[in-house]
Every structure is written in C-alpha cells, then in structure tokens.
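Subject: Structure handover

Hello,

Here is the structure we talked about, with notes on what turned up in it. Please open it alongside this message.

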Amino acid sequence: MAPSHYATERALARSGLAWTVLRNSLYADYQTPEAAQAIATGSLVHNRGAGRVAYVAREDCAAAAAAVLVAEGHSGACYDVTGPESYSAAELAALYGELGRRRVAPRALGDAEFVSTLVGAATGDDHLRYGAELVASFGRSIREGYMQACSDTVLRLTGRPPRSLRQVLEPLRARH
C-alpha cells in the first residue's frame with residue numbers, strides 16, 4: 001500500500017490544489033480479531049520482528065480529520081496520526097494475554113511462512129493469497145521501522161488524548 005500512498009501524496013503536492021495529508025497508523029480496532037485469535041491459541045503469530053507500531057483508534061482518526069476540515073492553517077501539512085504508545089510483538093502478546101487472562105507467547109515467522117500460515121489449505125485461492133500478502137506487507141513495514149512513529153497529533157488537533165490500544169481492546173476482557 002505504501003507505494004500508492006506515496007504516489008498519491010506526490011500527486012497532491014504537484015497538483016496546485018490545497019491539500020492536507022493525514023497518515024493514519026494501523027487501526028487499533030483491527031487488532032481485535034488478532035487478539036481474539038492469540039487468546040484462543042495462546043500464540044501471537046506474526047512477521048513484525050522487533051518493530052513497533054502505535055495503533056490508533058478509528059474514532060481518533062475521524063476526530064483528527066474533522067478538526068482539520070473545520071480549522072484553518074492545515075494546507076500543505078502532513079500529519080502522522082497515531083495512538084499514544086507503540087507496541088512490539090512481545091508487548092502485544094503480553095497485553096493480549098492480560099486481557100484474555102491466559103499466557104500468550106509471540107511466535108515470529110518469516111514473510112513466506114507467515115503468508116502460508118494465513119492461507120492454510122486454500123492454496124489455490126488467489127484472493128486469499130493477495131489478502132495474506134497484504135497483511136504480511138504490514139508486518140514487514142513494522143519490522144523495517146516504517147510504522148514506528150508515535151505522535152501527539154490527535155491531542156494537538158482535537159484537544160483530547162487518543163484512545164490507547166488497551167482501551168480499544170478492553171471489551172475482550174469481558175469475554176474471558
């Protein structure tokens with residue numbers, strides 16, 4: 001996804017139009033299925049390596065976007081919209097384990113093995129393989145340090161702190 005996002009930013013910069021870029025981090029809300037799976041199996045299977053990412057709640061992204069739309073002074077600005085703290089895979093596993101009230105161990109895989117794990121027995125399903133490779137590309141970008149930004153953008157734009165990953169995932173605690 002990064003090449004298309006980069007191309008879009010370059011096109012905006014050359015367009016002559018007024019623009020503002022909001023670079024949303026990975027969504028905290030999308031960690032719920034991963035956390036549930038990790039809790040169920042006791043293992044967080046990933047390809048993130050030792051990289052970190054500051055997951056952001058979608059509602060915080062919406063609030064930041066609304067703030068930019070209704071206020072002056074954002075033309076030509078690029079904002080990294082992130083959650084308040086970054087997590088490694090080991091820290092995610094610990095958080096998932098705490099919320100699920102069971103031990104969750106991180107299990108790092110290489111990209112190809114990770115994709116194969118996601119695809120499973122459906123090896124002939126090109127759509128599933130594409131999705132698995134997309135998910136693996138996020139892990140690779142985390143591993144390579146492209147997702148490590150942790151900003152105060154939500155607080156600066158909205159006047160309120162962003163929701164933490166723990167807050168977003170807290171409903172999992174009630175299920176376990």
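Is Tyr-27 buried, partly exposed or exposed? Tyr-27 is partly exposed, because its relative accessible area is 25%, which lies between the 20% and 50% cut-offs. Please keep in mind that this is a predicted model.

Aromatic rings

Searching the whole structure gives one aromatic pair. The partners are Tyr-27 and Tyr-30, and their arrangement is edge-to-face. The ring centres are 5.3 Å apart, with 85 degrees between the planes.

Ser-25

Ser-25 sits in the loop that runs between strand S1 (21-24) and helix H2 (31-41). Its relative accessibility is 8%, so Ser-25 counts as buried. Beyond its neighbours within four places in sequence, Ser-25 is in contact with several residues, including Val-53, Tyr-55, Val-81 and Met-147. Ala-54 is also one of these contacts, and the backbone oxygen of Ala-54 is 2.9 Å from a polar atom of the Ser-25 side chain. Tyr-79 is 54 residues from Ser-25 in sequence, yet the two are 10 Å apart in space, C-alpha to C-alpha.

Cysteines

The disulfide count is zero. For Cys-78, the nearest cysteine sulfur is that of Cys-61, 15 Å away, and Cys-78 is in no disulfide.

Regards

Note on methods: Residues are numbered from 1 along each chain as its sequence is written. This is a predicted model: local features need pLDDT of at least 70, side-chain atom pairs count only at pLDDT 80 or more; totals for chains, interfaces and linings use all residues. Side-chain values use heavy atoms; hydrogens and water are left out. Rings of Phe, Tyr and Trp (its six-membered ring) pair if their centres lie within 6.5 Å; planes under 30 degrees apart count as stacked, over 60 as edge-to-face and the rest as tilted. Buried means under 20% relative accessible area, exposed over 50%, partly exposed in between (1.4 Å probe, protein chains only). Helices (H or I, at least four residues) and strands (E, at least two) are DSSP runs, numbered from the N terminus. Contact means heavy atoms within 4.5 Å. A polar contact is a pair of N or O atoms within 3.5 Å; within protein, one must be able to donate a hydrogen and the other to accept it, and residues adjacent in sequence count only if both atoms are side-chain atoms. A disulfide is a pair of cysteine sulfur atoms within 2.5 Å.
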